[in-house]
Amino acid sequence: MINQKTPIEDGRSTKAKPQFNEQTYLVSRQCLQQEDFNQLSQYERLKPTALDSIGSSIRSVKCLSTLRGFFPILQWLPQYSLKNDLLSDMTAGLTVAVLQIPQGMAYGILAGVAANVGLYMAFFHCLVYAVFGTSRHISMGTFAVTSLMTAKIVATYATPIPTLASNGTDVLPNIVPVDVFYTPIQVATAVSFVAGIFYFMMSVARLGMLSSLLSEPLVSGFTTAAAVHVILTQVKDLLGISIPRYKGAFKVILSLRAIVSEFPNSNLTAVYTSIVVILFMVCMNEMLKPWLSKKCRFPLPAELIAVVGGTVVSYLIGLGPNYGVGLVGTIPTGLPAPEFPPLALIKAVAVDSIAVTIVGYSIVMSMGMIFAQKDNYEVRPNQELVALGATNIVGSLFSCIPTACSLSRSVIQHQTGGKTQIAAVFSSLIMLVILLWVGPYFESLPRCVLAAIIVVALKGMLVQVYHIKKFHREGHLELFVWCVTFLSVVIIDIDIGLLIGVVISLIALYVKGWKTYYSLLGTVPDTAIYVDIGSHQRAEELPYIKIFKYTGAINFANKNTFKKALYKETKVLQRTNVSLVPRYNGESIGLQATKTVIIDLSSVPHVDTAACKMLTEIKTQLEKVNVALLLAAPADCVYDALLHAEAIGEGGFSIFPTIHDGVLYAQGSSSAV
């Protein structure tokens, strides 16, 4: 034990002396090899067969608990407190419903379908998620990125309708045979149905944690680039011009060129209206909303004010017929009749729907985990897959596009005091009233008003560009992932850019895991604690013993790297196998030949058969130069792999439960010689 009153006389200046604990311990036992220790601890390697595993899984299934797990509403609804939660949920539901009206209409048009589709989603998706979902605060429905990705698929497979050009300023190329006619909503519902199937398949395969593979730089770069795409799609409505809808690589560049060429033909009335709405929304969001939030719990419904005001002005002045401003158009009342998507479309959009599925799940899980950590409850990843699967499949039968949670609406639902999923139920009921009676009143709403609302709402996604500074501080790999993802999505396309970003992110993850750390260990005098002699200046090597520590898995891919590092650090195969062993006070104990090499496996999580064979080769080579090889502190899985190697003719290693056991054994062997 180090005496804290003893000064450190090594010529170094000390800023502050460490405070040592007065408690000490003394353990007296025999030097144990790993096999002896396993007998002492009664270690038993479990080898269940496949039938045993299946039988155990079946026996562990409890029908009632499984049913309650599949329908989480059965767990939290019986415990619902009308006194404590009802008023808060009603307030949050009303607030979110107010936001759902303009956002649903805007993102419905963004997805290439009718504006009322976004309102359908606000009703059906919220109800279904309340039954199957585990997050209490996320608001399901339309989301800018998934709407834009759906629009790309709609543009690819939907048959152009001549009336769209005059109504909505979109000019679609004829990209499907004339004998096959698919409406935009049929394509969108097919994507939603396929996404729901994918979610259920992922849930069965227990792939809920796949969202963790989407790193923060990847998600930030992707959403920022997607915001650029969204804004570009809204410029035509802001200016009141008609441009072709491009698809494939470089469509951002092609769209920019078309916008520049059509800019002289802008509808000035649409431009002035867009500027007024943008200025109104910026003033509301940046000045009035923050001030009012300190005075009132209910947030200012700026989006709804803009929608209602734009509709009234457009109806009174006649912006559509008199000034040529594009309007939302017909909004039917009532709920849509259930209709199954065309089977041929389901097959056609299967591959394109993969990216929508990944993005939707990653957004839902990231937002759900944020609120769960704040309010200390659990969000189950695999159950969220079930919830998204049910929500998308049910929605596809009722004219809904793929769903995700809205960032802004979810934050509002949390801030206004929402306690449970009942808030989503109240929001759905309010949307039902809108769909049954109020919807047609918004038919005179100018599309440029909705475009302006979308552009202002994307501010939060665009400012993520400042994350570059943070990722630069975190590391070059994080910055590289962000930049590559952003540029790939902007320059090439959303789905291809996302794929490139995922691949680069996984490569960066692999590079981080590939980087290994190795060092020689020594002991701090009178402690029996072994540390890196390169980092701890008081640590000294033991006579005749080299202790090599390796951090990382050892497998067929890096076995040669491990071997080179071992020989480089220990120098046991050099012609003159001697070293000057320094003490911490600057003295030396002379030239010592290495007689034992101990490999510390405490930070090695896995070894494979090729690694065990490589260790056998090292053991044989060291024996030729009269150096013993000992292995110390392996994890149970590593120890089992070493035993398995012995069973197939490799190995024969001397394994010890701790480094100190190996040191004592080596010292005892040296003294016996």
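This is a predicted model: local features need pLDDT of at least 70, side-chain atom pairs count only at pLDDT 80 or more; totals for chains, interfaces and linings use all residues.
View 1. Residues are numbered from 1 along each chain as its sequence is written, and side-chain values use heavy atoms, with hydrogens and water left out. The side chain of Asp237 meets that of Lys236 in a salt bridge at 3.5 Å, N to O, the term requiring a side-chain nitrogen of Lys or Arg within 4 Å of a carboxyl oxygen of Asp or Glu; Lys236, like Asp237, is buried. A salt bridge also joins Asp237 to Arg447, at 3.6 Å from N to O. Because Arg447 lies in helix α20 (residues 447-457) and Asp237 in helix α10 (residues 216-239), this pair ties together parts that are 210 residues apart in sequence; helices here are DSSP runs (H or I, at least four residues), numbered from the N terminus. Arg447 counts as buried, at 12% relative accessibility.

**View 2. The salt bridge between Glu286 and Lys459.** The closest N and O atoms of Glu286 and Lys459 are 2.6 Å apart in this salt bridge. Glu286 belongs to helix α12 (residues 268-293) and Lys459 to helix α21 (residues 459-462), so the pair ties together parts that are 173 residues apart in sequence. Glu286 is partly exposed at 43% relative accessibility, and Lys459 is partly exposed at 44%.

**View 3. The packing of helices α5 and α18.** Helix α5 (residues 82-110) packs against helix α18 (residues 407-415) at an angle of about 165°, with the axes 9 Å apart; the axes are lines fitted to C-alpha atoms over the stretch in contact, and angles run from 0 to 180 degrees between N-to-C directions. That angle makes α5 roughly antiparallel to α18, the wording used for angles over 145 degrees, whereas under 35 counts as roughly parallel, 65 to 115 as roughly perpendicular and the rest as oblique. The contact, meaning heavy atoms within 4.5 Å, is made by Ala92, Thr95, Val96, Leu99, Gln100 and Gln103 of α5 together with Ser408, Arg409, Ile412 and Gln413 of α18.

**View 4. Asn116 in helix α6.** Asn116 is found in helix α6 (residues 116-132), and at 6% relative accessibility Asn116 counts as buried. Leaving aside neighbours within four places in sequence, Asn116 is in contact with Ile331 and Pro332.

Terms used. Helices (H or I, at least four residues) and strands (E, at least two) are DSSP runs, numbered from the N terminus. Buried means under 20% relative accessible area, exposed over 50%, partly exposed in between (1.4 Å probe, protein chains only).
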